[in-house]
Amino acid sequence: MIRRYVKQMTEENLARILGRRLRQLRLEKGLRQMDLQHRGISYKYYQRIEEGKVNLTLRSIEKVAAALEVNVLDLFQIPGERKKKGGGT
C-alpha cells in the first residue's frame, strides 16, 4: 500500500493527499472548516488546504495540527495503515 503512495509523491499529489487526511481528521472531530477560524486558521485558507491547493510550510503544518488538536505526525499517517503499538512482532 505504501508503494502506491510513493509512486504518487509529486508536490501536487502530496498536497491533495494531505488535504484529504486533514479533512478526515477534521470530520472525525466533528468540526466544520469555519470552526477552525476560531482556532487561528482562516476559513478560506483552510478550505484551499483541504482542496490540495496550498503547499504548506512546516510552521503552517504545526498550526493546523494544533487547531485540530492532533500530533503533527498524525497528519501524515497513511489512511488504512495502523500505528504499531509497542515493539512486539
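This is a predicted model: local features need pLDDT of at least 70, side-chain atom pairs count only at pLDDT 80 or more; totals for chains, interfaces and linings use all residues.
Student: Which residues make the contact of H2 with H3?

Tutor: Ala15, Gly19, Arg20, Leu22, Arg23 and Arg26 of H2 meet Tyr46, Ile49 and Glu50 of H3. By class, the residues of this contact comprise four nonpolar, one polar and four charged.

Student: What puts the buried residues of H4 on the same side of the helix?

Tutor: In helix H4 (residues 58-68), the buried residues are Ser60, Ile61, Val64, Ala65, Ala67 and Leu68. They cover an arc of only 160° around the axis, and therefore lie on the same side of H4. Leu58, Arg59, Glu62 and Ala66 are exposed on the other side of H4.

Student: Against what do the buried residues of H4 pack?

Tutor: They pack against H2 and H3.

Student: What makes up the largest nonpolar core, and which residues have the most contacts inside it?

Tutor: This core has 17 residues, and those with the most contacts inside it are Leu22, Leu36, Tyr46, Ile49, Val64, Leu68 and Leu75. H2, H3 and H4 each supply at least two residues of the core, and H4 gives the most, with five residues.

Student: Which residues does Leu75 touch, not counting those up to four places away in sequence?

Tutor: Leu75 touches Leu18, Arg21, Leu22, Leu25, Ile61, Ala65, Leu68 and Val70.

Notes
Residues are numbered from 1 along each chain as its sequence is written. Side-chain values use heavy atoms; hydrogens and water are left out. Contact means heavy atoms within 4.5 Å. Helices (H or I, at least four residues) and strands (E, at least two) are DSSP runs, numbered from the N terminus. Ala, Val, Leu, Ile, Met, Phe, Trp, Tyr, Cys and Pro count as nonpolar, Asp, Glu, Lys and Arg as charged, and the others, Gly among them, as polar. Buried means under 20% relative accessible area, exposed over 50%, partly exposed in between (1.4 Å probe, protein chains only). The arc is that of the directions from the helix axis to the C-beta atoms. A nonpolar core is a set of buried Ala, Val, Leu, Ile, Met, Phe, Trp, Tyr and Cys residues joined through side-chain atoms within 4.5 Å.
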